[in-house]
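Me: I'm new to this one. Can you walk me through the structure, starting with whatever stands out?

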Amino acid sequence: MRTSLNRNLPVTSMSTMQHVEPEQHSQSGEEDGAQEPEFKPLTREEAQQWRARQPHFSLWHLVVVQLLVGLSASALAWLFTQSASVAWSVLYGAAAVVMPSALMAYGLTSSALSRLLAGYAQAAFAGFLLWEGVKILLVVAMLWSAPRIVPELNWLGLLAGLVLVLKVYWFGFWIQTRRANLNG
């Protein structure tokens, strides 16, 4: 009876107790035979060319698109329902996404804290987490206060505005990936 628990452990036979060496691997230590390509740092010019080929993404552009989608959705809701409460509900649902996103964009791009932490990756990530937390708290506060702010609140309209404006993130991501694929 032969047993093998691991490829690197010796295989023994219970009847004869003979030691059998495992198969030898290549000198590079690679088990699958593939070799890693050598790392070659980019020169300053190559790095600049690489950056120029990458699509530019602006948080403020995303916030503006969210705002336009929210305003359009509210106008369409009023046109289809002829109800001001539905239109205000859709607009408030959109604002529950746009306003916190604008605050986060400000915090990440324009605040004194963002300029202070710009050179330190871990601190910048901590700043991102801080502003994401502020954004989530503001969304929760806005949704909690919605019945007191919007007269005759239509929850379905609020949810429609909220979800529609949230989908702008995915639409923007889809556009960026298509643009990157077309550019090569």
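This is a predicted model: local features need pLDDT of at least 70, side-chain atom pairs count only at pLDDT 80 or more; totals for chains, interfaces and linings use all residues.

Me: Where is Glu152 found?

Reply: Glu152 sits in the loop between α5 (121-149) and α6.

Me: What about the phi of Glu152?

Reply: Glu152 is not a glycine, yet its phi is positive, at about 50 degrees. Most residues other than glycine have a negative phi.

Me: OK, and Gln82? What is its phi?

Reply: Gln82 has a positive phi too, of about 55 degrees, and Gln82 is not a glycine either. Gln82 lies in the loop between α2 and α3 (84-109).

Me: Is Gln82 buried or exposed, and why?

Reply: Exposed. Gln82 has 52% relative accessibility, so it passes the cut-off of over 50%.

Me: Let's zoom out. How many helices and strands does the protein chain have?

Reply: The protein chain has six helices and three strands. From the N terminus on, the order is β-β-β-α-α-α-α-α-α.

Me: What share of the residues count as buried?

Reply: 25% of the 184 residues of the protein chain count as buried.

Me: Which of them gives the most to the lining?

Reply: That is α6, with six residues.

Me: How many residues line the largest pocket, and which lie nearest its centre?

Reply: The lining has 12 residues. Nearest the centre of the largest pocket are His61, Val65, Gly172, Ile175 and Gln176.

Me: And by class? What does the lining have?

Reply: The lining of the largest pocket has six nonpolar residues, five polar ones and one charged one.

Me: Tell me more about Val65. Where is it found?

Reply: Val65 is part of helix α2. Val65 counts as partly exposed because its relative accessibility is 27%, between the cut-offs of 20% and 50%.

Me: What separates the C-alpha atoms of Val65 and Val98?

Reply: Those C-alpha atoms are separated by 9.4 Å. Along the chain, Val65 and Val98 are 33 residues apart.

Me: What about Val64, then? Which helix is it in?

Reply: Val64 is in helix α2, which covers residues 59-81. Val64 is partly exposed, with a relative accessible area of 45%.

Me: Which residues form the nonpolar patch on the surface?

Reply: Val64, Leu67, Leu68 and Leu71 form that patch. Together they have about 350 Å² of accessible area.

Me: Switching to charges. How many salt bridges does the structure hold?

Reply: The structure holds one salt bridge. The partners are the side chains of Glu46 and Lys40, at 3.6 Å from N to O.

Me: Why can side chains like that pair?

Reply: Side chains of opposite charge can pair when their charged atoms come close.

Me: How exposed are Glu46 and Lys40?

Reply: Glu46 is partly exposed, at 30% relative accessibility. Lys40 is exposed, with a relative accessible area of 58%.

Me: Great, that gives me a start.

How values were computed. Residues are numbered from 1 along each chain as its sequence is written. Side-chain values use heavy atoms; hydrogens and water are left out. Patches are made of residues with over 30% relative accessible area and no salt bridge: like charges are joined within 9 Å, nonpolar side chains (Val, Leu, Ile, Met, Phe, Trp, Tyr) within 5 Å. Accessible areas come from the Shrake-Rupley method with a 1.4 Å probe; for residues, only the protein chains shown count as cover. A salt bridge is a side-chain nitrogen of Lys or Arg within 4 Å of a carboxyl oxygen of Asp or Glu. Helices (H or I, at least four residues) and strands (E, at least two) are DSSP runs, numbered from the N terminus. Buried means under 20% relative accessible area, exposed over 50%, partly exposed in between (1.4 Å probe, protein chains only). On a 1 Å grid over the protein atoms alone, a cavity is a set of points where a 1.4 Å probe fits but cannot get out, and a pocket is an open set with protein on both sides within 12 Å along at least five of seven lines; lining residues have an atom within 4 Å of a point. Ala, Val, Leu, Ile, Met, Phe, Trp, Tyr, Cys and Pro count as nonpolar, Asp, Glu, Lys and Arg as charged, and the others, Gly among them, as polar.
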